Amino acid sequence: MQQAMYLHLEGRPDAALAAVEPMLPFLEHIPDPHVRALVHMVVGSISLHRGTVAHAREHLVEAVAGFRQRDAGHALAWSLAVLTQAEALRGDRDAAGAAHSESIERKPPRIARTIADYAMAHARLQVLDGDVSGAARTVLEAADECGELLLPRARLLHEAIALGAPPSVVAEQLAVIEREVDNDFPELLRTHAEALAAGDGGGLESAAGRFAEAGELLYAAQSAAQSARAYRSAGLRGPASRAAAASQRILSGCEGARTPAASLDIATAELSRREIEVARLVAKGLTNSDIAERLSLSVRTVESHVYRVFAKLGVAQRSDVAAALDGQIQ
């Protein structure tokens, strides 16, 4: 399990699963429920980052059940935080909220190794509630808290990009980590961030291929979707269609998982990040006043965003926005 977790931190989930999954058939012979739960927790955590969300949830539910029988080291609260992420990626707000609430109730004093998962649980819920900018702030603040835990810090910084953080700024911070860490994962994250900052469709497409090869399917789908948008902005419709199709193909293997960046289909490529946030909330039926309160904006600013969303999507009324998005932004 130590080997699997290290491979996981290095951004090699396929290799990590290959290391730990052979243990699963022997779990029934292990009398200690805490040990059994630890194995399920490791498999679930790795599967979550790989993007196989239903598989992750299955093991995380088993982990939570085991830790309820015997909980050493506050593992139950941690497993609930990871389960929150899986439920949120599946789009189940009620289940994610329940797991998150119990996780926070049981959360111990600061334990460094759990910072990233508690932050991502909170951020995933914020995304479900339409506050993508708030989610970006959550993960960036957690990245600062990670201190010398450089690989979790790198992953949090990269997650912030998908939530709208400036990729050029994140790339600079990833470059610092890259110089201090003896593996290739921060370099890949930095390369992806730089390609995104430059609007380099080819660079983003290449990063998507590298992510997919490592088994980081959600990152691969996100990078391919971003590549489609970059190609589209450059007027390259053929490559844009190819990259969009690749993103959808990769997502089809992610068992229904959706993230803000991976859910951006080519049809919505011309919307800004803030317009996407507003469009999601309009599609959910929120009024301009509701949206202003949710996103801490003025009503007049929201009205301007809604006007531009209508123009770019080619719709004339609020009830048409959900149909225009057609599930592309979740």
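The structure contains zero disulfides, a disulfide being counted as a pair of cysteine sulfur atoms within 2.5 Å. This is a predicted model in which local features need pLDDT of at least 70 and side-chain atom pairs count only at pLDDT 80 or more, while totals for chains, interfaces and linings use all residues. Residues are numbered from 1 along each chain as its sequence is written, and side-chain values rest on heavy atoms, with hydrogens and water left out.

| Residue | State | Relative accessible area |
|---|---|---|
| C146 | buried | 5% |
| C254 | buried | 0% |

Of the 330 residues of the protein, 54% count as buried. The protein exposes about 14,100 Å², of which carbon and sulfur atoms supply 51%; the areas come from the Shrake-Rupley method with a 1.4 Å probe.

The protein has 18 helices and zero strands, assigned as DSSP runs (H or I, at least four residues, for helices; E, at least two, for strands). Its radius of gyration is 20 Å, close to the 20 Å given by the globule rule for 330 residues, so the protein is as compact as a globular protein of that length. The radius is taken over C-alpha atoms, and the rule is 2.2 Å times the number of residues to the power 0.38. Along the principal axes, the C-alpha trace spans about 65 × 40 × 35 Å.

Among contacts (heavy atoms within 4.5 Å) between residues at least 6 apart in sequence, 60% join residues at least 24 apart.

Technical notes:
Buried means under 20% relative accessible area, exposed over 50%, partly exposed in between (1.4 Å probe, protein chains only).
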